[in-house]
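Subject: Structure handover

Hello,

The structure you were waiting for is below. My notes on it follow.

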Amino acid sequence: MELEVDLQRQRMQLIESGRTLREFIVSTATNGPGEINGSGCTPRGAHIVRAKIGGDQPLGAVFRARRPTGEIWTPELHAQQPGRDWILTRILWLSGTEPGRNRLGLVDTFRRYIYIHGTPYATQLGLPGSKGCVRMDNADIIELYDRVPVGTVVRIS
């Protein structure tokens with residue numbers, strides 16, 4: 001089982017034994033691809049799912065610093081905090097596997113807190129819009145979370 005994120009198409013494929021099982025519409029970084037800490041870019045290359053967070057949380061659960069806040073996203077909550085980077089429902093925390101490209105030093109995906117995560121339904125998927133993470137529909141991240149184990153390879157190109 002592996003995931004392939006296509007930055008150009010804004011799609012992610014779930015692949016098993018060379019066969020695409022599912023394709024998801026995603027949203028990656030507004031700033032485009034890049035690996036440098038603080039760039040707001042989506043890192044390229046080979047990664048793994050290092051941690052899965054939020055499996056017991058409801059759809060729309062809000063996370064801050066990888067912890068559920070107890071809030072559930074609503075349009076009203078969004079309007080109260082319009083500039084907030086909403087991390088919802090589930091988190092798949094990525095770790096780079098290529099030293100010097102996306103692992104260690106100033107290019108460390110894990111230390112940059114790059115996730116695959118849920119996003120408000122008002123977020124336009126299919127277009128870049130994140131601060132570096134891979135955003136997904138909340139129902140889709142639940143499906144993906146339930147299907148992929150820690151250690152799953154994630155290729156971003």
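Predicted model: local features only at pLDDT ≥ 70, side-chain atom pairs only at ≥ 80, totals over all residues.

**Pocket**

The largest pocket has a volume of about 160 Å³. Its lining is made up of Arg-66, Asp-85, Ile-87, Arg-112, Tyr-113, Ile-114, Tyr-115, Lys-131, Gly-132 and Cys-133. By class, that lining splits into 5 nonpolar, 1 polar and 4 charged residues.

Gln-10 sits in the loop that joins strand S1 (2–6) to strand S2 (11–16). Its phi is near 55°, which is positive although the residue is not glycine. Most residues other than glycine have a negative phi. Is Gln-10 buried or exposed? Gln-10 is buried, at 1% relative accessible area.

Thr-28 belongs to another loop, the one between strand S3 (19–27) and strand S4 (45–53). Thr-28 is buried too, with a relative accessible area of 3%. The side chains of Thr-28 and Gln-10 make a polar contact at 2.7 Å. Beyond its neighbours within four places in sequence, Thr-28 is in contact with Val-5, Leu-7, Gln-10, Thr-42, Leu-127, Pro-128, Gly-129, Ser-130, Cys-133 and Val-134. One of these, Cys-133, is also on the list of residues that line the largest pocket.

**Ala-65**

Ala-65 has a positive phi as well, near 55°, and is not a glycine. Its place is the loop between strand S5 (61–64) and strand S6 (67–72). With 48% relative accessibility, Ala-65 counts as partly exposed, because the cut-off for exposed is over 50%.

**Helix H2**

Helix H2 covers residues 138–147, and its buried residues are Asn-138, Asp-140, Ile-141, Leu-144 and Tyr-145. Why do they fall on the same side of H2? They cover an arc of only 150° around the axis, so they share one side of the helix. The N-terminal end of H2 is capped by Asp-137. A side-chain oxygen of Asp-137 lies 3.0 Å from the backbone nitrogen of Ala-139.

Over to you.

Best wishes

Notes: Residues numbered from 1 in each chain as written. Heavy atoms only, no water. Buried < 20%, exposed > 50% of the residue type's maximum accessible area, 1.4 Å probe, protein only. Helix = DSSP H or I, 4+ residues; strand = E, 2+ residues; numbered from the N terminus. Arc of directions from axis to C-beta. Polar contact = N/O pair within 3.5 Å; in protein donor to acceptor, adjacent residues only side chain to side chain. 1 Å grid on protein atoms, 1.4 Å probe; cavity = no way out; pocket = protein on both sides within 12 Å on 5 of 7 lines; lining within 4 Å. Points joined across faces, edges and corners; volume = space filled by probe spheres on them. Nonpolar A, V, L, I, M, F, W, Y, C, P; charged D, E, K, R; others polar. Contact = heavy atoms within 4.5 Å.
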